[in-house]
Amino acid sequence: MNVNDDKDLCSLCKFEGKQKEATKWCTECDETLCTTCHENHNANISSKEHHVIPVVGKHILKSLHIPLTEYCEDHEKEKDLYCSTHKENICLTCSQTSHGKCEPAVRLCEVYKNAKSSSFVSVLENDVIVVMEELNDIIKDRENNKLQLEKQRTEILDTVKDIRK
């Protein structure tokens with residue numbers, strides 16, 4: 001399965017009736033963004049601190065079956081806090097009930113901000129992009145090999161038909 005088979009379109013442009021290919025994905029807005037909209041998103045004071053990753057990252061998370069947003073099964077609320085004592089995402093109600101005695105929970109957006117500024121994350125992000133490019137090359141080579149094998153199969157069958165005649 002090629003990750004790029006279904007091209008993502010920019011959510012904001014699609015809203016305006018345009019069709020521009022998305023290159024980035026905001027994990028907090030859950031919106032795909034083209035280059036222009038990404039620049040505007042970063043310039044906006046309310047969203048400039050959001051965690052934005054290449055749109056390929058969204059596909060990787062989905063293919064690994066990692067939930068993009070988590071909901072608390074007990075309270076049916078979005079898990080937007082991180083309990084460092086238990087090393088898990090929790091909702092606001094959990095932080096007041098079952099995690100009341102833990103170290104104070106940190107908002108996930110703060111954890112994202114720290115992760116975004118980490119040099120390790122940027123290196124990891126670049127490595128993921130390189131791996132995705134290599135995987136796409138492997139997929140293309142495999143498709144070419146399949147075509148070549150099919151062509152050889154057809155030639156062999158034609159040769160067998162000719163010999164039988």
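The secondary structure of the protein chain comprises six helices and six strands, where helices (H or I, at least four residues) and strands (E, at least two) are DSSP runs numbered from the N terminus. The model is a predicted one, in which local features need pLDDT of at least 70 and side-chain atom pairs count only at pLDDT 80 or more, whereas totals for chains, interfaces and linings use all residues. Residues are numbered from 1 along each chain as its sequence is written, and side-chain values use heavy atoms, with hydrogens and water left out. Along the sequence, the elements of the protein chain follow the pattern α-β-β-α-β-α-β-β-α-β-α-α.

An open sheet is formed by three strands in the order β2-β1-β3, with antiparallel pairing; two strands are taken to pair if DSSP finds at least two bridges between them. Strands β2 (31-33) and β3 (52-54) are the edge strands, each pairing on one side only. On average, neighbouring strands of this sheet are turned by 30° against each other, direction ignored. Axes are lines fitted to C-alpha atoms, for helices over the stretch in contact, and angles run from 0 to 180 degrees between N-to-C directions. Strand β1 (residues 24-26) is joined to β3 by three bridges, and the two run antiparallel. Within this pairing, C26 stands opposite V52 in β3. Helix α2 (residues 35-43) lies across β1, β2 and β3 and runs at about 115° to β2.

For the protein chain, contacts (heavy atoms within 4.5 Å) were also classified by sequence separation. Of those with a separation of 6 or more, 39% are between residues 24 or more positions apart. The protein chain exposes about 12,400 Å², of which carbon and sulfur atoms supply 52%; accessible areas come from the Shrake-Rupley method with a 1.4 Å probe, and for residues only the protein chains shown count as cover. Of the 165 residues in the protein chain, 24% are buried, a class defined by under 20% relative accessible area, with exposed meaning over 50% and partly exposed in between (1.4 Å probe, protein chains only).

A disulfide is defined as a pair of cysteine sulfur atoms within 2.5 Å, and by this rule the count is zero. The cysteine sulfur closest to that of C10 belongs to C37 and lies 3.6 Å away, which is too far for a bond. C10 counts as buried, at 0% relative accessibility. For C83, the closest cysteine sulfur is that of C102, at 3.8 Å, again too far for a bond. C83 is likewise buried, with a relative accessible area of 1%.
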